[in-house]
Amino acid sequence: MTVVRGLDFDVSRALGAVTALLTGPIPSAGSPTSIESDPHTGEWVATRAAGFVLLPLWEGPDLTGLRDPEWTEQLEAGDRHLATLTRALDEQWGPHRVRSVDYLLRNPQADRPAVHDALLRQDLYGDLRVWAPDEAPARQLALVLGHSDGDQPLTLAGLVTAGPIPELPD
């Protein structure tokens, strides 16, 4: 669960979080991975490590016990939120590129870059939508939507890296 659980999706709030993420500090080389949690609820706040920061932007409702059509409606809502935020960022920074994490899903024993390890630890198995914004030329920004299984809530997250996001084999 995340600190944005229970908040309605608001594209303006998500864009503000993306801007803060893009312009905020990124841990330097040699920094250990830190998974930050709310001290009262234990909910995920952010993951910080050498060269990147990952944080939740929206979390959907729990899907436990939902059946179609409600289950499908919730999945479609997550896809709509991702598409809305993607369109807004495409308008601002130009078309995004898509990076798949399928290689890591097909090869669970493969070595993985720390940034991909962090994504998978938060059950963010979706494709990355990636931009290299003019406002921060040494950084890349990505959005990802995922959930660990059919009953867990969807999470939309933002990722910023110092430098390019590592490419994975096909």
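User: Which residue forms a salt bridge with Glu59?

Analyst: A salt bridge is a side-chain nitrogen of Lys or Arg within 4 Å of a carboxyl oxygen of Asp or Glu. This is a predicted model, in which local features need pLDDT of at least 70, side-chain atom pairs count only at pLDDT 80 or more, and totals for chains, interfaces and linings use all residues. Residues are numbered from 1 along each chain as its sequence is written, and side-chain values use heavy atoms, with hydrogens and water left out. With closest N and O atoms 2.8 Å apart, the partner of Glu59 is Arg5.

User: How many residues apart in sequence are the parts that Glu59 and Arg5 tie together?

Analyst: Helices (H or I, at least four residues) and strands (E, at least two) are DSSP runs, numbered from the N terminus. Glu59 belongs to strand 3, whereas Arg5 sits in the segment before helix 1 (11-23), so the parts joined are separated in sequence by 54 residues.

User: Is Glu59 buried or exposed?

Analyst: Buried means under 20% relative accessible area, exposed over 50%, and partly exposed in between (1.4 Å probe, protein chains only). Arg5, at 30%, is partly exposed. Glu59 has a relative accessible area of 3%, and therefore counts as buried.

User: Which side chain of opposite charge is nearest to Glu43?

Analyst: Glu43 is placed in the loop between strand 1 (34-37) and strand 2 (44-49). For charge, Lys and Arg count as positive and Asp and Glu as negative, while His and the chain ends are not counted. Glu43 is buried and has no salt bridge; at 5.1 Å, the nearest side chain of opposite charge is Arg5.

User: Which strands are tied together by Arg48 and Glu36?

Analyst: The side chains of Arg48 and Glu36 form a salt bridge with an N to O distance of 2.6 Å. The two residues are 12 apart in sequence, so the pair ties together strand 2, which holds Arg48, and strand 1, which holds Glu36.

User: How many residues apart are Arg99 and Glu167?

Analyst: A salt bridge of 3.0 Å, N to O, joins their side chains. Arg99 is in strand 4 (residues 97-99) and Glu167 in the segment after strand 7 (155-162), so that distant parts of the chain are linked across a separation of 68 residues.

User: Is Leu54 buried or exposed?

Analyst: Leu54 is in strand 3 (residues 52-59). Its relative accessibility is 0%, and Leu54 therefore counts as buried.
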